[in-house]
Amino acid sequence: MKCPKCGATIPDGLLYCEICGEEISFVPEFDPEVENQIDATLSDMADNLNSADFDTKRLHLIKSNQHSISLKAMLPAIIKGATIFIIALVVCLIIIKGIHSAKSNEEQAKDYYVNGNYDKAIEMLMSAIAEVPEDDTEKRSELLFELYGYQTEAGYEESARDTLFELTNEELYDKETVSTAAGYIIDYYLENKDYESISSMVEGFADAGLRSKYAEYLSVKPTIFPEEGEYENSLEVTMGKDSQGEIYYTVNGEDPNTDSIMYEAPLILEEDGEYIVKAVFVNKYGILSDVATAVYTLLNTGPAAPEVLEESGDYSQTTMIAVVSEPGCSIYYTNDGSDPDENSTPYISPINMPVGTTTYKFIAVDENGKYSDIVERTYHLTYSRLVSVDQARASIIQILLKLDIILDGNGSIRGGGHYEYMYDGDIEIEGSGEYYVFKETLMANDGTTKDTGLLYAVNTHDGKVNRLGYDSSGKYTLITISNR
C-alpha cells in the first residue's frame, strides 16, 4: 500500500505513514444523506411487501399452483429470500455510491494511487484540477505537481513533462513555482543530454533572474567590433563572447559553424573590397548561437605609414630627420602645416632640422598611387645664445656701414641726424631660430624722433643680421639684408 499523501510504501499492518505521518483509514465514512437513502429504500421495500397489491399477486400465484401443495408451502420463503437479496444488493450499491460521493475527487485520486490504480488516480486528479478556480494558482500548482508525480509513477513521461511545462507559465505562476518546474524539466533534459531543448526553454523566460540562473545553457551571439561600414584604411576586426566556448567565423558571407575558422586573434582586413564577416558562438554544451553579421567595405587601403626615426620634442643641437617606408613607396612631406601629397616636397635624404619650432608632415605613396596615413612630427631646436643684445646691435651697425647706409658707428646719415637701433624683444621664427628684434629710429638735429618702420632681426646663436618683415598671413619673415 502507498501513502495517499507522499506516495511512500506503507508496510502491512501499519495504520500511518512512517515518512509523513499520514493516518490510514480503512472504514468508509458515511454521511446522513447516505443513511437516509438506505432507510428510505428499506421502507419502500417493506411497504411493497405489506401492500394489498403484493398480497393479491401472491394469492394469485398460489391459486395458479394449487396442484402443488409443497410449492404452496415453499412460496412464502422463496419470496422473502428473494426480497432480502434484492434489499441487500440495493443497500450495497447505495453504500458504494455513498462512499464515493462523500469523498472529493482529490481524495479518491489518492485512494486509487495507494491501491496502484494510477490511471484512475490520474483521471480523478484531473477532475479535481478542473474544479479549481483559475485564479487559485496556489491550489492549482499543488495539484499539478501531484499530477506530475502520478504520471511519472505510471511511466507517462511525455504527459508528465507537459504538466511541468504548464507550471512554467510565468503569467500564471510565481517565480518559485516556475523555477521548481523548470528544474525538473532541465534534470530530464540533462539526463538525456538534450542541451538544445534546455537552451530553447531558458531563452523563453521573461524573468531575468531565471535566465541568469540557467545562463550557462544559453548561447549568446558574439559581438563584432568595430561597427560595420566603409573604411579607407586597413581594418582590425575583433570578436567577443560572454561565456565559456568558442567563436567561429567566415568572411565570404556563408553562415559559420564548427567547421569554419576558429577565432583566436584579431582579423586584419587590408585589400580593397567588401567583406561580409559572420560569426557564431558555440558554448561548452555545443549549442550554436544566432549568427552575428558585420559588412565592411575598404575603399582605399594604402601602404603602411612611413616611419620617422626622430620623435617630436625639444632639441639643442643640429639633428638630421630620417624617414623610411615600405619598399616601392615614395615619401613626400610639408613643413607649412598643409597635408602632403604627390605634389609636395619629395623626401630624398635626411633633412637638416631647422632652428626654432617646425612641424613636418610625411606620407608614403605606393606604385598604385595610394596614400598611407599621415605621420606628423613637431621639433623645437634651440641653440644656446652666443650673441648678446649689444653684440647684435653692433652687428647691425657694422653691416649698415659696409653697405654705406650710415656714415659712422653712431649711425650718422647724410643730410644730418642719425639712426638709433632700439632693442624690442626676442622672437622665434619657425624653421629659423631665435632672434633679437631692433627698431630703427631717426633722431633729427632739432631733437625730434621718428620711427622709420624698419625692423632688424639678429640671430641669437650666430649673430646673422636680417631685415624683419611679414608675410601675407601676418607671420614674421626674414629678408636678406642685401636686398634692402
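By partly exposed I mean between the two limits, where buried is under 20% relative accessible area and exposed is over 50%, with a 1.4 Å probe and protein chains only. Glutamate 123 sits in helix H5. Between glutamate 123 and leucine 147 there are 24 residues in sequence and 9.5 Å in space, C-alpha to C-alpha.

Some ground rules. This is a predicted model, where local features need pLDDT of at least 70 and side-chain atom pairs count only at pLDDT 80 or more, while totals for chains, interfaces and linings use all residues. Residues are numbered from 1 along each chain as its sequence is written, and side-chain values use heavy atoms, with hydrogens and water left out.

Now the overview. The protein chain has eleven helices and 22 strands. Those are DSSP runs numbered from the N terminus: helices are H or I with at least four residues, strands are E with at least two. Of the chain's 484 residues, 36% count as buried. Next, contacts, meaning heavy atoms within 4.5 Å. Take those between residues at least 6 apart in sequence: 52% join residues at least 24 apart.

On to the core. A nonpolar core here is a set of buried Ala, Val, Leu, Ile, Met, Phe, Trp, Tyr and Cys residues joined through side-chain atoms within 4.5 Å. Which members of the largest one touch the most other members? They are Leu125, Tyr150, Phe205 and Tyr214, out of 32 residues. At least two residues each come from helix H4 (105-114), helix H5 (118-131), helix H6 (137-154), helix H7 (157-167), helix H8 (175-191) and helix H9 (195-203). H5 gives the largest share, seven residues.

Look at leucine 125. Leaving out residues up to four places away in sequence, leucine 125 touches Ala109, Leu143, Glu146, Leu147 and Tyr150. Another core lies apart from the largest one. That other core has 17 residues, among them Leu267, Leu269, Val277 and Ala294.

Now H4. Is H4 mostly covered or mostly open? Mostly covered: seven of its ten residues are buried. The buried ones are Asn105, Glu106, Gln108, Ala109, Tyr112, Tyr113 and Val114. Glutamate 106 counts as buried at 18% relative accessibility. Beyond four places in sequence, glutamate 106 touches Ala128, Lys139, Glu142, Leu143 and Glu146. Just after H4, glycine 116 takes a positive phi of about 85°.

Next, helix pairs. The axes of H7 and H8 come within 8 Å and cross at roughly 150°. Axes are lines fitted to C-alpha atoms, for helices over the stretch in contact, and angles run from 0 to 180 degrees between N-to-C directions. H7 passes H8 in a left-handed crossing. Left-handed means the near helix is turned anticlockwise from the far one by less than a right angle; clockwise would be right-handed.

Who meets whom? From H7 come Glu157, Arg161, Leu164, Phe165 and Leu167; from H8 come Thr177, Val178, Ala181, Tyr184, Ile185, Tyr188 and Tyr189. That contact divides into nine nonpolar, one polar and two charged residues. For those classes, Ala, Val, Leu, Ile, Met, Phe, Trp, Tyr, Cys and Pro are nonpolar, Asp, Glu, Lys and Arg are charged, and the others, Gly among them, are polar.

Move along to H8 and H9. Their axes come within 8 Å and cross at roughly 155°. So H8 is roughly antiparallel to H9. The cut-offs: under 35 degrees is roughly parallel, over 145 roughly antiparallel, 65 to 115 roughly perpendicular, and the rest oblique. This crossing of H8 past H9 is left-handed. Ala182, Ile185, Ile186, Tyr189 and Leu190 in H8 meet Tyr195, Ser197, Ile198 and Met201 in H9. By class, that contact has eight nonpolar, one polar and no charged residues.

Two more residues. Tyrosine 156 is in the loop between H6 and H7. Tyrosine 156 is partly exposed, at 36% relative accessible area. Setting aside residues up to four places away, tyrosine 156 touches Asp119, Ile122 and Gln151.

Last, asparagine 466, in strand S21 (residues 465-470). Buried or exposed? Asparagine 466 is buried, with a relative accessible area of 5%. Not counting residues up to four places away in sequence, asparagine 466 touches Tyr435, Leu455, Tyr456, Ala457, Leu478, Ile479, Thr480 and Ile481.
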